[in-house]
Amino acid sequence: LLLQMLKDMEEKKPIEMSETLLLKLKKAKNEIIGNRHMKMHYFTEGLLHECLLSIQTKISIDIQIQSLAIINSFMEDCKEAKGVLIAQKTLFFDIEKIFKDNQHVQRAIDICLRIIRNGLVKEIIRLDDFLQSEMLEYFPKAMNTEVFVLLISDILAFCATTSFNRRKIFEQKEVIINLTKYIEYNLSYDCEYAILNALSKVTTEYDELCKEIMGKPKIFQIFEKYIRHPSEQARICISQLLANVNKFVKFPLSQQHLLRWIIPTLVKTLKNTNIVMKIQAASILSTLLEANKDFQKIAGDLGAIEDICETLKNLCSETKEEKKESKEEENKKGKNNNGRKARDEAMGDIIDAEDPLVFSDHELSPEQKMICYGLNTIEAITSEHDEFRRKLIDQNNHKIIIELLKHPEPKIRSSACLCMVSIGRSDKIVKNALFTDGVASILNRLLYDKYLDVQINATSAICNLTLDFQKQIIDTGDILKRLVELTQTKHITLRYKAVFAIKNLVYVPTNDIKKMVLAKLTYLKLFDLIDDEEPTIQEQAILTLRNILHKRPEAIQEAIDRAGSEAFLKKLDEKLIGLNPSLVTQAIYLLCIIASGNEKQKTFVMDGNIVKKIVALLGHKQNIVKIAAINFLMNILWKENADAANREKRKKVFREFEVEAKLNELIRSSSDLELKAKAQQALTCFNEQDFYFHYSLQQ
């Protein structure tokens, strides 16, 4: 009957609505729902094919609705039909047209939304086709019944899997704002949960939306209801929403307990055998614990690190078994691979890679997601708490993290490096365990990784591990050589991290180590970095020079000679008039280092322009700059190892600028206790009498 009607339409014959056909289509739909045998019967007879044809023609909307309902039924439990539907490239566009043309027909909207939701979930409808269509623009008007709100919420929750997809959804933010309105309605549990689930997915990056949610009068009642919900999935859903909102909107003190309540739920879920639930829990924890010491302590005390490490060990063990089976399979086929080469390729090493890659938006497997989120959670918990870093080492759980530094997936390598950044904030005992287990040589290789983020995070890890272990770092492979190379990269963040790491290498080590670093870095490169386009890199370069010159008059003189006296002064002069308070402060402290040198070097920094600018900076808006300027005064006037006559001359120069009056004014007017104390100390330097100087005057 359906085929005949389609033929009549094609031949432009007059047709009438066939009630018989409509009844038979309804009957067929009812017979195939949940019945694979009948599905195969109708599929073999060609019903699916004719239904697909019917939604492409201007046939009766009632018949199209029934055809769509049959297509929807074929999506479930019939792989033969699924193959046909996937091959039907125009399916979504046919549904979109019916949806747009029949906005007044509730049954048409209903079946279109159902088939879109199910088609997306079953991967019959391409997600890209949906997001690039105009469907989202029509959703706000369609949200006029509870069922439609539920279906649209399900679709949005499914789509909001990546940052790009969330941006596409938020371009039509009216549909999201509508969801926040419905959240306070008296809805069924299914619909309310669907809305909350959608919001938990799309609020990951949008503060505007989070503020909209927090503006709802009943929102805290809803939060509390779902936190106590018997369903674990419901509790996880609300935990995700709470963690997202907490990133952008400060919870009132009276509601902070809600955030604390969800932590035990999340830690408990880490023990769940369902990998999807574990992934969700680890993902939410990593977000919630970020920069919150109290929450990190709660999660750590509840054993989150131990649970995650146990999961990581199991996942890595399964991966090793799979690799072993794969290798045996290859050997059977006569393949002979070099083991080291295979490992290097797996780690993605490209030696001397000048242009590292950025991460693609590829989808990780569930196991890889769990490893990434698990590592992120460990990083968060250990970032501020030394007790958990020590516990990690005591239980030998650091070894699994070191092992994951060699994982084939670059995002996992990157997350493992970030873990090492947190653990590297520890004392010597903890760091020593990491060095003993070979972390330095692995990080050395990761400095050559072909992915930019891995290089950046590996450099950060080395940066933290370097303190107290400068010699071990320099003696490992070619870490120093590679760090110097990275100071010349075009990638600002990587360049910054490399300079930061070198700064730590020359922080209070032996003079021999400073000389080794300087031999590779050279003053020429260091001076270029001081003039880098990025202010944060300039600051780290100045700090590096400060560390190299500290308590080394011969090095101070060498630096001045290499740059040239005038060029050196000009460089410092430019920094002192800058608008960046932090950069100005570090430039002053570099002058302090020189001022603490010998008489020749003290005379060098008593240049008229420098002195004038230092005195002017006593009136700077920022206290850190004022304190740095006062420190310079104390260094240049310090009587120890200073020629008495020259010291009195320097005092006279500063008195001409009325420095003592300025210091007294700071003591009188400032509310900063440190600033007051420093100003008082500086005044003491002015008023101190030098015995040898006065003795010579008497003579």
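**Aromatic contacts and their surroundings**

Mentor: Phe-220 and Phe-251 are both buried, a term that stands for under 20% relative accessible area, with exposed meaning over 50% and partly exposed the range in between (1.4 Å probe, protein chains only). The model is predicted, with local features requiring pLDDT of at least 70 and side-chain atom pairs pLDDT 80 or more, while totals for chains, interfaces and linings use all residues. Residues are numbered from 1 along each chain as its sequence is written, and side-chain values use heavy atoms, leaving out hydrogens and water.

Across the whole structure, a search returns 19 aromatic pairs (Phe, Tyr or Trp rings, the six-membered one for Trp, with centres within 6.5 Å; stacked if the planes are under 30 degrees apart, edge-to-face if over 60, tilted otherwise). One of them joins Phe-99 to Tyr-138 edge-to-face, at 6.5 Å centre to centre and with 80° between the planes. Phe-99 belongs to helix α7 (residues 91-101) and Tyr-138 to helix α10 (residues 135-142), so this pair ties together parts 39 residues apart in sequence. Helices here are DSSP runs of H or I with at least four residues, numbered from the N terminus. Phe-99 is buried at 0% relative accessible area, whereas Tyr-138 is partly exposed at 25%. Phe-220 and Phe-251 also pair edge-to-face, 5.8 Å between centres and 75° between planes.

A ring takes part in another kind of contact at Phe-500, where the charged end of Lys-503 sits over the ring, 3.7 Å from its centre; the criterion is NZ of Lys or CZ of Arg within 6 Å of the ring centre and within 35 degrees of the ring normal.

The backbone deserves attention too. Most residues other than glycine have a negative phi. Lys-551, however, has a positive phi of about 60°; this residue lies in the loop between α34 (535-549) and α35 (553-563) and is exposed at 71% relative accessibility. Glu-658, with phi near 55°, is in the loop between α41 (644-656) and α42 (659-669) and is exposed at 56%. A positive phi near 75° is found at Asp-468, which follows α29. In α29, 14 of the 15 residues are buried.

Definitions and conventions
Helix = DSSP H or I, 4+ residues; strand = E, 2+ residues; numbered from the N terminus.
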